[in-house]
Amino acid sequence: MKRRDFIQWSGMGVGAILGSSIPVIGRAVTPEELLEPAADRALKKRLADVALNAARAKGATYSDVRIGRYLQQFLFTREKNVQNITNAESYGVGIRVIVNGTWGFAATSDVTPDGIARCAETAVAIAKANSRIQTEPVNLAPQKGVGEVVWNTPIQKNAFQVPVQEKIDLLLNVNSQAMQNGAAFVTSNLFQVNEQKYFASTDGSYIDQDIHRIWPTFTVTVIDKAAGKFKTRDALSSPMGMGYEYMDGLASEKIPGPNGLVGYRNSYDMVEDAILAAKQSKEKVTAKSVEAGKYDLVLDPNHLGLTIHESVGHPTELDRVLGYEANYAGTSFATLDKWRSKSFNYGSPLVNIVADKTQPHTLGCVGYDDEGVPCKQWDIIKNGILVNYQATRDQVGILGEKESHGCCYADDWSSVQFQRMPNVSLLPGKEKLNVNDMIKGVEKGIYIIGRGSYSIDQQRYNFQFGGQLFYEIKNGQIAGMLDDVAYQSNTQEFWNSCAQICDKDDYRTFGSFFDGKGQPSQVSAVSHGSSTTRFNGVNVINTGRKI
Amino acid sequence: MAILSREEAKKIIDKVLSYAKADETAVSLGGSKTGNIRYARNTVSTSGESTNLALAVTSVFGKRSGTATINEFDDESLEKTVRRAEEIARLAPENPEYVPMLGPQQYTEVKETYADATAAINPEYRAKAALDSIEICKKKNLTSAGYLEDTTGFNAMGNSKGLFAYNRSTSVDFSVTVRTEDGLGSGYAIQDYNDARKLNAAASTEVAAQKALASKGALALEPGKYTVILEPVAAADLIQNMMRSLDARNADEGRSFLSKKGGGTRLGEKLFDERVTIYSDPTNPEIPQSGFVMDGRPREKTTWIEKGVVKNMAYSRFWAQKQGVKALPPPFGFIMEGGNESLADLIKGTKKGILVTRFWYIRAVDPQTLLYTGLTRDGTFYIENGKIKHPIKNFRFNESPVIMLNNVEAMGKPVRVNGSLIPPLKIRDFTFSSLSDAV
């Protein structure tokens, strides 16, 4: 039994009831326990010092400690029923040390001075054991201590303080509205996460952070029994680094699109989206099957975010480029020689992609990463040229840089931190342009909205993406809905076909709440911003089959 | 001590049940010790070991249920946990689909799920496995990246209606990717067992190394329909996806590949080639499984597909009760019958075809037809006149296992992959839709 399976099972929660792979970390608690205050900051500082002193005394040249309390509340409903509610808390300490130029890591749920000192000693012992077979000593980029600092996600409404009943009522209303508008089945879920993390290191940093994330989502299913067909449409929400205020559905955060479509920026109207989803799913049942061929694609931010994630986010992770993920996720086509050449055309000159851990409301926005580095923004692709990667303290030196990018993250106190993707976003176009005007300029195209099927090779060249909604564009007009659409391309070819980007008024973020990486696998959450973007002459296939 | 005996587990569970005041109470108790080592670039990157022992109490009043968990085992903590589960249950919304707990059951005892050799794995064993693998690659100027994980654990459960179940198990999983220094060749191998005595990490590394070297200098073939030989690792990924889609409720509701046009299901229909037979059997010594599933149902030998005909679908207890049928739990590991030929025999008997080591990044494209997409990876070769002629560039495929299992040319001897027994498969007209530059 794998560790995660065990935890799922022991919670007898999501895993047992849904047979789902959604990672629930920690022990089941009551909703009230989720509201208990975080441990006293002075106490955490004392405990952190116990770890740092114990590690130093045993010979560590560097150490950091994370005292973490990770809270989750996940709600699952289907039609008129509440299927499951999980409330989970995970509390403990992870200690990382360098001895003889080698990392060692240990973790414990025994958050007492004795437990922590023993854990630090174990970390040192593991580092010592591994140093005998180490061939590449750790070269840690310097990081000046930041002293005692605090950072909190700027939320307006703590989702954990909203009564469970209120959230259930919302989800059941979402289901009921979708059913009234033609859905045969609906599932709706609400995921809420709060990370209370205290980080300290021998550099002299004591960082207390309170991080919030939320993700409302649903799937609507429409059935045509006579035709033997079923179609689904998922929510067009985005997971966000926000509190429950994301659920307010503010009119000012809605971006009207063609054909009655609505884009949601920093506020989500779940009921409205569910009604639209039911109506659109019915339309999907009779939609025309696409004719395979070359089309100009107009990609909505709620779709393009995943393409950015897979074709730019993952290939520019420096640890992948170096080969550390070779046995699992793979390596990368974006090799160091391409970066060194300063002339590798990743995309057309319109393409400017930034890594950013400071953008408000995003999943990747924090004050400091899990090795105490203050967060920042930097360029990955500038005017179409590959200019940088995503790196941690022990790898950034390879790029000739003296300061880490701040990309280190662990999904739990018991997991060792490693390189994880920051928000990676496409900058909006500088010229004034909205989606309606963009569509007017397309002769033969497809407008794609929402996250669908996705697959990309282990070096991130060849990919195939589907979506939730596909509209045919003929001579500048939307000509109706299409079905069986997926596009295939090669990363460099695709980004070089980027022809037009809408302006900043159209900019929104997409997010991935459970992005997996590493062995044993860890999850992380990351956002990708963009405006609607046009790509010319992309290969579209027809995915319809008969069995 | 994370691994409790049957008697130790029963004693704790009975004690917890003695505190219970709810209409129904279930207790589950599980413990595990798991260790891992990860290496890349011919050096160890991370290693670790952890233990867990936890108890979950589920209390039920009418159709309201609540669960609380604890990892302390003194009387006071246990009683507190029962009270907390009862409190959560009282506040929980009613679940109209709640089905009362099962009473005592007869379970087949499967001792082979546990092996002392696996339980005895320590950091030195893991380090040696990693080092051996690294050394093989270093000698050939190749780069290895691999991962070994071993787990020893037990599950026990009991409830206020007298049900009790206990099983202990071990597992060890090893995977390795070997790449040439110039990045133009890549090979992969994987093994998983309950008993570590069967594991041979060095042998897997040799296979992956040989594939890495042999896959250098790949030539591009035009995408299209080809006869393929899927090694068991490649075949397993697609067939496992299909076996996870046997849910009866989805089929009855009209949203499954097993739903029938006009209503009803395709149970009893011949959907596959008549040589296709797939069943599950917890007592199979190659892929032993505990005799029960975690909602207390016994795990029995079940035929899912027989001679191409869909024989059974999987049920939740709620849906089975509603439909008035036996509540067959879904298959966990399964056995796909094959032939006696080896992979080499299948290659020998192929005039023109493609050998696929494994698939990667498989995602559902259309749940209606079970169409999946993904790519070949870590060793794809062109076969001509019974011999491997040369390596070829990787392909993206768009294919449904349902269509694939209608195009069976030949099947070899099944081997264990991810807890199932899967034969190498020779399939005609397998759809490759584009080329990939990835190595």
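Student: What makes strand β14 (residues 377–382) of chain A a partner of β15(A)?

Tutor: Two bridges join them, and the strands run antiparallel. Two strands pair if DSSP finds at least two bridges between them, so β14(A) and β15(A) qualify. Residues count from 1 along each chain as its sequence is written, chains are lettered from A, and ligands are numbered from 1, both in the order written.

Student: Which strands are at the edges of that sheet in chain A?

Tutor: The sheet is open, with four strands in the order β15-β14-β13-β18 and antiparallel pairing. β15 (385–386) and β18 (423–426) of chain A each pair on one side only, which makes them the edge strands. Strands (E, at least two residues) and helices (H or I, at least four) are DSSP runs, numbered from the N terminus.

Student: Which helix packs on this sheet?

Tutor: Helix α7 (residues 301–313) of chain A does, touching β13 (353–356), β14 and β18. A contact means heavy atoms within 4.5 Å. The direction of α7(A) makes about 115° with that of β18(A). Axes are lines fitted to C-alpha atoms, for helices over the stretch in contact, with angles from 0 to 180 degrees between N-to-C directions.

Student: How confident is the predictor in chain A, and where is the pLDDT below 50?

Tutor: pLDDT is the predictor's confidence in each residue, from 0 to 100. Chain A averages 93, and 95% of its residues score at least 70. Over residues 1–21 of chain A the pLDDT is below 50, although this stretch has 59 contacts in the model beyond near neighbours in sequence. Where pLDDT is low, the predicted coordinates should not be read in detail.

Student: How many bridges join β1(B) to β4(B), and how many join β1(B) to β2(B)?

Tutor: β1 (residues 24–40) has 14 bridges to β4 (residues 142–159) and 17 to β2(B). Both pairs run antiparallel. B:S28 stands opposite B:M157 in β4(B), and B:G30 has B:A54 in β2(B) as its bridge partner.

Student: Which residues take a positive phi in the hairpins of chain B?

Tutor: In the hairpin of β1(B) and β2(B), with two residues between the strands, B:R41 has a positive phi near 50°. The hairpin of β2(B) and β3(B) also has two residues between its strands, and B:G62 in the turn has a positive phi of about 60°.

Student: Why are α4(B) and α5(B) called roughly parallel?

Tutor: α4 (residues 123–139) and α5 (residues 201–214) pack at about 30°, with their axes 9 Å apart. Angles under 35 degrees count as roughly parallel, over 145 as roughly antiparallel, 65 to 115 as roughly perpendicular and the rest as oblique. The pair is therefore roughly parallel. The contact is made by B:A129, B:S133, B:I136 and B:C137 of α4(B) and B:A201, B:A202, B:T205 and B:E206 of α5(B).

Student: What are the classes of the residues in that contact?

Tutor: Five are nonpolar, two polar and one charged. Ala, Val, Leu, Ile, Met, Phe, Trp, Tyr, Cys and Pro count as nonpolar, Asp, Glu, Lys and Arg as charged, and the others, Gly among them, as polar.

Student: What makes α1(B) oblique to α2(B)?

Tutor: Helix α1 (residues 6–18) and helix α2 (residues 75–91) of chain B pack at about 55°, with axes 9 Å apart. That angle makes α1(B) oblique to α2(B). B:I12, B:K15 and B:V16 in α1(B) meet B:D75, B:L78 and B:V82 in α2(B). By class, this contact has four nonpolar, no polar and two charged residues.

Student: Which peptide bond in chain A is cis?

Tutor: The bond from A:Q519 to A:P520 is cis, with omega near -5°. A:P520 lies in the loop between β26 (508–517) and β27 (522–530) of chain A.

Key. Predicted model: local features only at pLDDT ≥ 70, side-chain atom pairs only at ≥ 80, totals over all residues. Heavy atoms only, no water.
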